[in-house]
Amino acid sequence: ASVLADVAAEHGFTRDEARELIASPTELELTKDEAMGAAQGGIRGVPFFIFDGRLAVSGAQSVVVLQAAMRQALAQAGQSEAPPAPAPANE
């Protein structure tokens with residue numbers, strides 16, 4: 001709980017708010033419901049990205065793969081012009 005409160009405090013919550021949420025039976029039920037919904041939707045791991053509610057990418061992916069998924073989602077959404085592909089990076 002202490003580690004979660006520390007992380008939450010770095011993202012706009014107070015430590016007290018985070019501790020209350022962690023201890024809340026209502027929040028636990030909401031979290032279980034969200035996890036069940038995700039599992040029923042085919043999500044089995046993290047990270048899991050859904051672009052425009054229609055294109056999913058599972059697992060840790062490279063920047064290039066995520067950018068391609070975003071361009072594809074934009075194109076499928078009827079955008080007139082998807083962003084251009086980035087130049088290859090010298091890694």
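Begin by selecting Phe48, whose bridge partner in β2 is Ser58. This is a predicted model, in which local features need pLDDT of at least 70 and side-chain atom pairs count only at pLDDT 80 or more, while totals for chains, interfaces and linings use all residues. Residues are numbered from 1 along each chain as its sequence is written, and side-chain values use heavy atoms, with hydrogens and water left out.

Next, select residues 48-51, which are strand β1, together with residues 55-58, which are strand β2, and you will have two strands that pair in the antiparallel sense over 4 bridges. Strands here are DSSP runs of E with at least two residues, helices are runs of H or I with at least four residues, and both are numbered from the N terminus; two strands pair if DSSP finds at least two bridges between them. With 3 residues between them, β1 and β2 form a hairpin, and Asp52 in the turn has a positive phi of about 55 degrees.

Within α4, select Leu66, Ala69, Arg71 and Ala73, which are buried (buried means under 20% relative accessible area, exposed over 50%, and partly exposed in between, with a 1.4 Å probe and protein chains only). The buried residues of α4 pack against β1 and β2. After α4 comes Gly78, whose phi is positive, near 90 degrees.

Which residues make up the largest nonpolar core? Select Phe51, Leu55, Val57, Leu66, Ala69 and Ala73, the 6 residues of this core, where a nonpolar core is a set of buried Ala, Val, Leu, Ile, Met, Phe, Trp, Tyr and Cys residues joined through side-chain atoms within 4.5 Å. Helix α4 gives the most to this core, with 3 residues. If you centre the view on Leu55, and do not count residues up to four places away in sequence, Leu55 touches Phe49, Ile50, Ala69, Gln72 and Ala73 (contact means heavy atoms within 4.5 Å).

Finally, turn to Leu21, which lies in helix α2 and is partly exposed, with a relative accessible area of 35%. Leaving aside neighbours within four places in sequence, Leu21 is in contact with Phe13 and Glu27. Select Ala1 as well: Leu21 and Ala1 are 20 residues apart in sequence and 10.0 Å apart in space, C-alpha to C-alpha.
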